Amino acid sequence: MAMTGPSGGIGGRRGRGHRRAPIADINVTPLVDVMLVLLIIFMITAPLLASAVPIDLPESRAKPVETEEQEPVQLSINADDTLYIGEEVVPEAELPARLDAIARERQGEDKPRQIMLRADKGLDYGRVMRVMGELNRAGLTRISLVTTGAEGAAESAPTAAAAVTDGSETGQ
């Protein structure tokens with residue numbers, strides 16, 4: 001009988017000398033890993049990007065209010081008495097004109113534009129009321145006061161990290 005070589009069979013297909021064919025499948029494991037890391041990063045940073053103006057909000061045990069489909073206007077008063085509409089600084093003298101322009105945007109509709117009022121908890125109550133008076137004068141009567149959830153409220157309602165309390169809807 002004849003002996004075969006070190007490949008161990010006819011045709012040289014077995015043994016150490018065999019080369020494997022390239023794999024034609026795509027390895028998606030690294031893609032899934034990267035996507036999961038990006039998802040976690042976005043889940044953590046998205047709540048931090050909700051408001052760009054840093055304000056020390058007062059605590060409240062109020063339940064969050066449902067917001068409408070259209071994005072409400074964010075009106076913020078910082079601890080140093082700086083007014084912001086969105087992220088833009090608004091001088092005190094320009095506030096009535098800016099509020100009138102916001103009110104005119106939805107003048108033909110049945111509901112006025114919703115305003116989210118964020119005021120630092122160290123501000124004078126009269127200062128916040130003057131801004132609310134300007135909002136009322138402009139016809140913007142759907143005012144919601146933004147607060148942070150109190151520690152006791154976080155235990156009873158763990159999903160309510162921040163609360164928006166309904167404001168003056170009567171137009172007084």
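Visitor: Which residue in E6 does Glu 59 stand opposite?
Guide: Glu 59 stands opposite Thr 148 in E6. This is a predicted model, where local features need pLDDT of at least 70, side-chain atom pairs count only at pLDDT 80 or more, and totals for chains, interfaces and linings use all residues. Residues are numbered from 1 along each chain as its sequence is written, and side-chain values use heavy atoms, with hydrogens and water left out.

Visitor: And how many bridges join E1 to E6?
Guide: Two bridges join strand E1 (residues 59-60) to strand E6 (residues 142-149), and these strands run parallel. Strands pair if DSSP finds at least two bridges between them.

Visitor: What about E5 and E6, how many bridges there?
Guide: Four bridges join E5 (residues 114-119) to E6, again in parallel. Within that pairing, Ile 115 stands opposite Ile 143.

Visitor: Which helix goes with E5 and E6 in the β-α-β unit?
Guide: That is H3 (residues 125-137), and the unit is right-handed. Right-handed means that, with the strands pointing away from the viewer, the path from the first strand over the helix to the second runs clockwise.

Visitor: Let's zoom out. How many helices and strands are in the chain?
Guide: The protein chain has four helices and seven strands, in the order α-β-β-β-β-α-β-α-β-α-β. Both are DSSP runs numbered from the N terminus: helices are H or I with at least four residues, strands are E with at least two.

Visitor: What share of the residues is buried?
Guide: Of the 172 residues, 28% count as buried. Buried means under 20% relative accessible area, exposed over 50%, and partly exposed in between (1.4 Å probe, protein chains only).

Visitor: Which residues have the most contacts inside the largest nonpolar core?
Guide: Those are Leu 75, Leu 117, Leu 135 and Leu 140, in a core of 21 residues. The elements giving two or more residues to this core are E2 (73-77), E3 (83-85), H2 (95-105), E5 and H3. A nonpolar core is a set of buried Ala, Val, Leu, Ile, Met, Phe, Trp, Tyr and Cys residues joined through side-chain atoms within 4.5 Å.

Visitor: What does Leu 75 contact, beyond its neighbours within four places in sequence?
Guide: Its partners include Tyr 84, Leu 95, Leu 117, Val 131 and Leu 135. Contact means heavy atoms within 4.5 Å.

Visitor: Switching to Asn 27: exposed or buried?
Guide: Asn 27 counts as exposed, because its relative accessibility is 58%. Asn 27 lies in the segment before helix H1 (29-45).
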